[in-house]
Amino acid sequence: MIVIDNLQAEVEGKAILKGVNLTMNPGEVHALMGPNGAGKSTLADVLAGHGDLTVTSGSVRYYDQNLLDLAPEERSHAGVFKAFQYPVALPGVKNAYFLKAAINAHRKAQGQDPLDAFDFIQMTKEAMVRVGMDESFLQRDVNVGFSGGEKKRNEVLQMLLLDPKFAILDETDSGLDIDALRTVAEGVQSLRDSKRTFLVITHYQRLLDTIKPDFVHVLANGKIVKSGGPELALTLEDQGYAWLSDVEGHNDKS
Amino acid sequence: MINLDQITGPLLVFIDGQFSLEASQTECIGLEVKADNDGHTVVVHLSQDVPAIYCLHQCDGLSPEAPIALTVKLDAGVSTEIHEYVFGEANQAYQQTLQWRCEVAQGSHLLWLSHQNLSEHVRWHSQGEHYVEGQLSYHVETLGQSLIEAEMLVKLLAENAECHVHGLLVGQGQSKSRQDWRIEHLAPNTTCDMHYRALMGNNAQGSWLGHAHVADQAKGAKVTQMSRQMLFGKHARMHAKPELTIHCDEVACQHGATVGQLDEQALFYLRSRGLLHWQARMLLTWSFVQEVLVMRQASKHCLPEDSMLQQSLAAVMDHDGTSVLNDFWQGKEVKHDEW
């Protein structure tokens, strides 16, 4: 279980998150929507452990651990995975090496033997088929020269290989054409099970057509101002965020 | 350190600035070596291909009285590689100058790879002057804590002549390095590219000056100059300056220089995938130097002294991460024990 309690965070002295409360159970898919600048990506970064952000108040309980006490790699080893909105290019680092290093870092943290080359290739090829990636991407530098869609597929590929307990998808649908969106969504959907939790950050209903969320939340001005079922996403798609202006906190400019 | 037993080709050995015929292996078809009586002047003339020639400079005794003058001439259509190792652990002040000259005829290709790893007592000064009608590729790797000064002039004399110069400096301790490269385009459609990378730790200081001169008759010249440096030490300093002088139209020239530190976003990205902080730093550092290692990695005749570079990088990074670097070296199989 992940319990976010009154989480407040700032960037360079500017408050971005102003008291986020959210509880997510294993097996649940939570969609997080909201206008630009609401703090959605900041929340994702705080959960993943980005050093540029300062948590000023609140806590994040991750099963039996205080998530905020953990370094980014420790969070990763514990099963937290963030699919980046803007995946970083790593010139000179082959995708195959990067993936293998990441997998074996996890295995070592879990006291397992490293994966040998044969098993790695087999496992990776299978995952690549699931996200519609050509094997040639293994020999390319990580995200260098990748299109927007290829970068997002590569993020989902990493998620499939690292098999997280808590996956945060930060606008994974942005920059994808219709076919790529379906492939990526199906890849995510295939990971759904009773032990895994998803937090899906998106602006659009279209991703949620395939990844059907259990809960939809609206983050505005650093707080969750509305929560509901999948129908909330449809309402937002239809009416935008203006109708939420009367909801408590949305217009809180303090 | 270099293991001489691994050398199977021709070998030129200079001990404290003097050519040692006894320690060298010069019996090779097509390799002509002339040395003067005091051993300070050596000429190598190749009239046919030789896969690789090894050249060792050992600097750990008394400073030589005169500079070494080393000339390499390649006849038309000849190719070879020269693997130069400059090393020494002099424990007292030691100073040496190398004057080297290459003459590369049309249709010939000289790949020169220089590995320099010297103690802090050594001052190594090289002056290169090269006349190129074919192709000259030069890779220089500077490790250790010495004072290195290098001046190199390359003249591209014939149409389509090429010069590729790649340098890597790993500055440690109080080391000082000065690299001045000047490439003159004196014929049409000539090409040069200069790529320099520096990793500066501790109090290391360095400067790189890359100058490309395109003469008025060098129409169609292509020039690339790129220098990137990273500072790890609090007091490390690096000065980089690419310069272009262009005297004709219809040329393609690009240049740039950057000085910075490891990308925090990239570090976070790697850590978010489970790599430990030092592993992520080492990985990014290794990827940073990759571009200037392509020549070395393309050669099949490099001696397996990779650990020297790895150890130097690890020292600059202030972490024994050599096992991580092993994983990257020339695509070798990943060693798992550190993961």
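Which strand of chain A does strand 1 pair with over 8 bridges in the antiparallel sense, at residues 53-62? I looked it up: the partner is strand 4 of chain A.

**Ground rules.** I am reading a predicted model, where local features need pLDDT of at least 70, side-chain atom pairs count only at pLDDT 80 or more, and totals for chains, interfaces and linings use all residues. Residues are numbered from 1 along each chain as its sequence is written, chains are lettered from A and ligands numbered from 1 in the order in which they are written, and side-chain values use heavy atoms, with hydrogens and water left out.

**Entry 1, the sheet.** I noted how strands are defined: they are DSSP runs of E with at least two residues, while helices are runs of H or I with at least four, and both are numbered from the N terminus. Two strands pair if DSSP finds at least two bridges between them.

I then followed strand 1 (residues 2-11) of chain A. It runs antiparallel to strand 2 (residues 14-24) of chain A, with 8 bridges joining them. Here V11(A) stands opposite K14(A), and E10(A) has A15(A) as its bridge partner. The hairpin of these strands has 2 residues between them, and E12(A) takes a positive phi near 50° there. Towards strand 4 of chain A, V3(A) has R61(A) as its bridge partner.

I checked burial next, where buried means under 20% relative accessible area, exposed means over 50%, and partly exposed lies in between (1.4 Å probe, protein chains only). Helix 1 (residues 40-48) of chain A is mostly covered, with 8 of its 9 residues buried. Among them are L43(A), V46(A) and L47(A). G49(A) follows this helix and has a positive phi near 95°.

A nonpolar core is a set of buried Ala, Val, Leu, Ile, Met, Phe, Trp, Tyr and Cys residues joined through side-chain atoms within 4.5 Å. The largest one has 80 residues, and L90(A), F198(A) and L309(B) are among those touching the most other members. Helix 3 of chain A brings the largest share of this core, 7 residues. I also listed contacts (heavy atoms within 4.5 Å). Not counting residues up to four places away in sequence, L90(A) touches residues including V142(A), Y269(B) and L284(B). A second, separate core holds 58 residues, including Y94(B) and C163(B).

Is S207(B) buried or exposed? S207(B) is buried, at a relative accessible area of 19%. I placed S207(B) in strand 16 (residues 205-214) of chain B. Leaving aside neighbours within four places in sequence, S207(B) is in contact with S177(B), R178(B), Q179(B), M238(B) and H239(B).

Helix 2 (72-77), helix 3 (95-109) and helix 5 (148-162) of chain A each supply at least two residues of the lining of the second largest pocket. Helix 3 of chain A gives the most, with 3 residues.
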